[in-house]
Amino acid sequence: MSVNPAPSTDEERLAQLGYQQELHRRLSGFSNFAVSFSIISILAGAITSYGIAMAAGGPMVITLGWLFVGIMVTVVALAMAEVCSAYPTAGALYWWAAALAKRNKAAWAWFVGWFNFLGEVAVTAAIDFGAAITTSAFLSLAFDMEVTAGRTFLIFLVIIVVHGLLNTFGVNLVRVLSDVSAWWHLIGVAVIVVLLAVLPDQHKPISEVFTEVHNATGFTFAGAGVYAVLIGLLMAQYTYTGYDASAHVAEETHDAARAAPRGIVMSVVVSVIAGFVLLFAITWSIQDYDAQRTTALGLPPAQIFIDAVGHNTGTFLLFICMVAQWFCGMASVTANSRMSYAFARDGALPGSRLWKQVNPRTGTPTNSIWLCVSLSTLLVLPSLWNTTAYLAATSIAVIGLYIAYVAPVFLRRRNAEFEDGPWTLGKWSAPIGWIAIVWVGIICVLFVLPTAGPITASNFNYTIVAVAVVVGIATVWWFAGARKWFTGPRQNVIEKAAHGEQTMPNQ
C-alpha cells in the first residue's frame with residue numbers, strides 16, 4: 001500500500017470532479033472514521049442479529065464466522081477505499097461507477113445508485129428497528145414493560161424521528177455525536193467484556209465457543225447443519241455494513257482523498273477485532289442456550305447478560321448497547337441522506353429538485369434527511385404483522401449495499417486507465433479486487449435463500465421480492481424514459497456558472 005501526494009486542496013479536487021463545495025467541510029479524519037464505525041456498530045448489529053446466528057449455526061458461526069466474514073469484508077473495504085481516494089465525492093458508489101465504466105456510463109450509475117439507495121434505506125430501517133428491539137428489552141427489564149409488536153414499532157418511530165431531528169441541526173452536531181459514539185463503543189465493549197469475564201459463576205467450555213454448531217432453522221435435510229452455518233453468516237455480514245459512509249461524507253471531510261479511504265478500512269478493521277472480543281465474551285457467558293435463544297425479551301444477548309451477571313448489572317450492560325444503537329442509527333441517517341442528496345443532485349430521484357436542496361444555515365440536505373426517515377419507516381411497517389421483517393431488512397441491506405460496493409470495484413478492474421488517488425493498493429489491487437467481487441457474489445446468493453423451515457407465508461424470506469421490485473422499477477423506469485434524460489453525474493459547477501451563480505467554496 002503506497003501513498004501518493006495529493007494533487008490539490010479538497011475544494012479544488014471537488015471542482016475537478018465537477019461540483020461546487022456546498023456542504024460544510026467540518027469533519028476531521030477521526031470524525032470520518034467515527035461515522036462509519038458508528039454505523040457498523042458492533043454493539044448494534046452484532047447484538048440485535050445475535051439471535052439469527054444462535055438459530056442458524058450457533059457459537060461457531062458467532063465467533064469463527066465473525067472472523068472469517070471480517071477478513072472478507074476487509075478485502076472489500078480495501079478495494080472500495082482505493083476507488084474512493086481517486087473520487088472523494090458524496091455520490092460515492094454510483095459516481096465511481098459512472099467514472100469507471102467504459103460504456104453505458106449513465107446506466108451503470110443509475111443501477112448502482114438505486115442499489116445503494118435501497119441498501120441505505122434498508123440498513124437505516126434495520127438499525128433503528130434493532131435499536132427499538134433493544135430499547136423494548138431494556139424497558140421490560142427496567143420498568144417491567146410488556147414487549148409487543150405495536151410498542152416496539154412506536155419506539156422505532158420515536159428513535160428515527162429523533163435521528164432525523166439531530167441530523168437536521170447541522171454537521172457540527174453530527175461530528176460531536178459521532179466522535180462520542182466511537183469512544184462509547186470502544187469503552188462500552190471493554191466494560192461488557194470485563195464484567196462478563198469476571199462476574200459469572202460459570203462459563204461455557206472455550207472449545208464449545210469455537211466449535212459448537214446449532215441448527216434451529218427447522219430444516220432437517222442432509223447437510224442442514226452446514227446450510228444453517230452458511231445462513232448464520234448473515235449476522236456478521238449485516239453488521240459489517242455502512243462503512244461507505246466515509247465516502248458519502250467525503251465532501252464534509254478535510255483531506256478527503258486520504259481520510260475517507262482510511263475511514264472505510266479502519267472502521268472495518270477495528271470492528272473485526274473489537275467485535276470478536278465482544279462476541280467471544282457473550283458466547284462464553286451463555287448459561288442455558290435454548291432458553292436464552294427463545295427469551296420473551298426478544299433479544300437473546302439481553303437474557304444472556306441477566307443470567308450471567310444478575311438483573312441489575314445485566315440491565316446496565318443492555319443500557320450500554322441501547323445507547324450505542326441510538327448513536328448508530330443517527331450516523332446511518334447521516335450517510336443515507338448524503339447519498340440521497342447526491343443522487344438527487346444528479347437528477348436520479350423522483351422530485352430531485354426538492355431532495356437536492358441544502359439548508360444554507362446548517363449546511364445539511366434537510367429534505368433528503370426526512371425522505372430517508374420516511375422510506376425507512378415504510379420498510380419497517382410489516383413488523384407489525386410479520387416477525388421476519390427485521391431479518392428481511394437485514395438481508396435487503398446486505399444485498400443492496402454490497403452490489404453497490406462491488407460494482408465500482410469490478411469496473412475499476414476492467415479499466416486500465418484508472419488513475420490512483422493518494423491512497424492506493426499498488427500491486428495488491430488486482431487480487432484484492434477480484435476476491436472482493438467473488439465474495440459479494442457468494443453472499444448475494446446466500447441471503448436470498450430460505451432461513452426457516454417448513455417455509456410458510458409468515459417466515460418466507462421476502463428479500464428476493466423486495467430486491468426484485470426495486471430492480472424491476474429501476475429497469476422499467478430506465479427503459480421507459482430515464483435513459484433519455486439521465487446522463488449520469490451532473491457537474492453543478494458548470495450548471496451554476498451557466499446561471500450566473502457564485503461558485504466560491506462553502507466552508
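Ring pairs join Tyr 94, Trp 110, Phe 111, Trp 114, Phe 117, Phe 343, Trp 477, Trp 478, Trp 485 and Phe 486 into a cluster. The structure is a predicted model, in which local features require pLDDT of at least 70 and side-chain atom pairs count only at pLDDT 80 or more, whereas totals for chains, interfaces and linings use all residues. Residues are numbered from 1 along each chain as its sequence is written, and side-chain values use heavy atoms, with hydrogens and water left out.

A pair of aromatic rings is described by the distance of the centres and the angle of the planes. Rings of Phe, Tyr and Trp (its six-membered ring) are paired if their centres lie within 6.5 Å, with planes under 30 degrees apart classed as stacked, over 60 as edge-to-face and the rest as tilted. By this rule the count is 36 aromatic pairs. The pair of Phe 210 and Phe 280 is stacked because the ring centres are 5.7 Å apart and the planes stand at 20°. Phe 210 belongs to helix α9 (residues 206–211) and Phe 280 to helix α13 (residues 256–284), so that distant parts of the chain, 70 residues apart, are linked; helices (H or I, at least four residues) and strands (E, at least two) are DSSP runs numbered from the N terminus. Relative accessible area defines burial (buried under 20%, exposed over 50%, partly exposed in between; 1.4 Å probe, protein chains only). Phe 210 is partly exposed at 22%, whereas Phe 280, at 18%, is buried.

The rings of Tyr 243 and Tyr 402 form an edge-to-face pair, since their centres are 6.3 Å apart and their planes at 70°. Tyr 243 lies in the loop between α11 (234–239) and α12 (245–248), and Tyr 402 in helix α19 (residues 389–413), so the pair ties together parts 159 residues apart in sequence. Both Tyr 243 and Tyr 402 are buried.

Ser 85 is located in helix α4 (residues 59–86) and is buried, at 2% relative accessibility. Its side chain reaches the backbone nitrogen of Trp 423 at 2.9 Å. Contacts of Ser 85 (heavy atoms within 4.5 Å), leaving aside neighbours within four places in sequence, are made with Ala 257, Pro 261, Gly 421, Pro 422 and Trp 423.

The second largest pocket has a volume of about 470 Å³. Pockets were defined on a 1 Å grid over the protein atoms alone, as open sets of points where a 1.4 Å probe fits, with protein on both sides within 12 Å along at least five of seven lines; lining residues have an atom within 4 Å of a point. Volume is the space filled by probe spheres set on the points, which are joined across faces, edges and corners. Of the 19 lining residues, Phe 117, Leu 118, Val 121, Leu 375 and Val 470 are the closest to the centre of this pocket. Two or more lining residues come from each of α6 (105–143), α18 (366–380) and α21 (463–485), and α21 gives the most, with six.

Most residues other than glycine have a negative phi, and most peptide bonds are trans. The peptide bond from Gly 453 to Pro 454 is cis, with omega near -5°. Ala 92, in the loop between α4 and α5 (93–100), has a positive phi of about 50° and is buried at 0% relative accessibility. Asp 144, in the loop between α6 and α7 (149–168), has a positive phi near 60° but is exposed, at 68%.

Notes: Polar contact = N/O pair within 3.5 Å; in protein donor to acceptor, adjacent residues only side chain to side chain.
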